[in-house]
Amino acid sequence: MDRCFTTPFVYALGTKNNIMGFLLGIGYEKLNFLHRFIGRVVLVTVNIHAMGYFYKWLLAKSFRESIASTENIAGLLSLICIDSLFFFSTAFWRKKFYNVFIATHVSSLTVLLFTLSFHLDKARGWIFACVVIYLFDLTLRIIKTRYAIATIRPLDELGLTRVEILKINSGWRAGQHVRLRIISSGMGLTGWIEIHPFTISSIADGPEGLVLHCKKAGEWTNKLFGLSKTSGSYEEDVKVTVLVEGPYGGLGNRIIASFSAAVFVVGGSGITFALSAIYDLVKKSSKKQSQVKFAELIWVVQDASSVVPLLAQLTGMIQDSVLTSMLLRISVYYTRASTGKFPNEESFLRFPSLTLSPGRPRMHSIFEQIIDRTIEEATTKKVSELEDTSGLFVGVCGPVSLADGVFSDVGRLDSRRRVEVGGIEVHEE
Ligand SMILES: Cc1cc2nc3c(=O)[nH]c(=O)nc-3n(C[C@H](O)[C@H](O)[C@H](O)COP(=O)(O)OP(=O)(O)OC[C@H]3O[C@@H](n4cnc5c(N)ncnc54)[C@H](O)[C@@H]3O)c2cc1C
């Protein structure tokens, strides 16, 4: 087989709309590890290939003449493209200078297609496949892009900007994300070029349309937050033109409503994932389309006042769930001494199922409790013991340490208890 056969795989796995994702029901972001793995294999083999030739030419004292041929100049340029792709995609560039990472990725991958076709005639078939894959992705991205006017509001306590797009109110599933572009001079000269992913925090066909919560993380999100504060008066909302691409990703083939219980463990702005998923469960439960009997939201924030902007939404969810067969509990944990406005105590006292506590949640015992309740419910309702338990879904979204902690706590659960509850599935967003 030709040496370049891996190239279309690297391109395909790096696109937002790839066939493998469609077939497996997995979002592009979850398949990205394969893009990186195959990319690294290409990097190593290409460098070994080049070093072999350099060594051979040096031994024969023909380096200058050999490298000067069109074929080998193209080979050298291909090597530079592949090495710079690797260099600029290391964690340092991705975390500190995401735009440099994207710009070098797109430019190197484009130049590589030309240089490779001059270096190796036989590669042209594979290069053609890469071009087709890329154009297919680009076309779908254009088709999946919607133009709309969004209302943006600052949520000071959470350091978030709430983006609300009323016009778009269907076409996604809980847990999916969209890629957002803001067309406004307020985002700076180049702000409109950038496109950023955000998880949808509202449900499809709901009254609010498509809602995103964008946390201040760097230059672009800070500019968005600043722009949302430019309104002259409190009542007047800031409106901006947006391009929304997607939806992408999400829970794939998992259907949370088919489990007996669900626990969402989220940190900070990870709440966006849990909001849409729980809204969805409440809606399905009210239509008797959900098997979930117990749902628990564990939200870890730094400051207790972070709850204030979302308090109405959280209490609203609890109120709506009361009319269904699903019992919803929300526990907010704050990890630092409160500096902001402390949440109104009355709002908390009104709902025993909404609690605010200092410290960190003890996840292991929370899982144990919910498993107990699920098994108890199944055994009291059915004579055919435990046949009704269809598993515990655990959704986690937040810092890596939070996700690692949840995985380890689930791992420590007794295997007999896992079987009794019908199995445990952890989804990391
Ligand atoms: C699938 C997905 C869903 C997300 N959902 C949410 C959400 O609901 N709410 C929320 O507040 N944040 C979410 N994020 C994170 C959000 O996309 C970044 O915080 C935002 O893009 C930062 O942009 P910036 O220029 O302000 O910050 P920067 O300083 O440029 O970057 C801060 C961090 O965000 C990463 N980042 C920057 N630009 C992008 C980009 N275009 N694509 C992916 N990562 C990027 C960088 O690697 C860096 O680690 C999500 C990210 C992903 C991948």
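What percentage of the 429 residues in the protein is buried? Buried residues, those under 20% relative accessible area with a 1.4 Å probe and protein chains only, make up 48%.

## About the model

This is a predicted model, where local features need pLDDT of at least 70 and side-chain atom pairs count only at pLDDT 80 or more, while totals for chains, interfaces and linings use all residues. Residues are numbered from 1 along each chain as its sequence is written, and side-chain values use heavy atoms, leaving out hydrogens and water.

## Overall build

You will find 15 helices and 12 strands here, taken as DSSP runs (H or I, at least four residues; E, at least two). The C-alpha trace spans about 85 × 60 × 40 Å along its principal axes. Of the contacts (heavy atoms within 4.5 Å) with a separation of 6 or more, 75% join residues 24 or more positions apart.

## Surface and charge

The accessible surface (Shrake-Rupley, 1.4 Å probe) is about 22100 Å², and carbon and sulfur atoms hold 61% of that. Counting Lys and Arg as positive and Asp and Glu as negative, there are 46 positive and 38 negative side chains, with the centres of the two sets 5 Å apart.

## The second largest pocket

Strand S7 (261-267), strand S8 (294-301) and helix H14 (400-411) each supply at least two lining residues; H14 gives the largest share, five residues.

Definitions and conventions:
Buried < 20%, exposed > 50% of the residue type's maximum accessible area, 1.4 Å probe, protein only. Charge placed at Lys NZ, Arg CZ, Asp CG, Glu CD.
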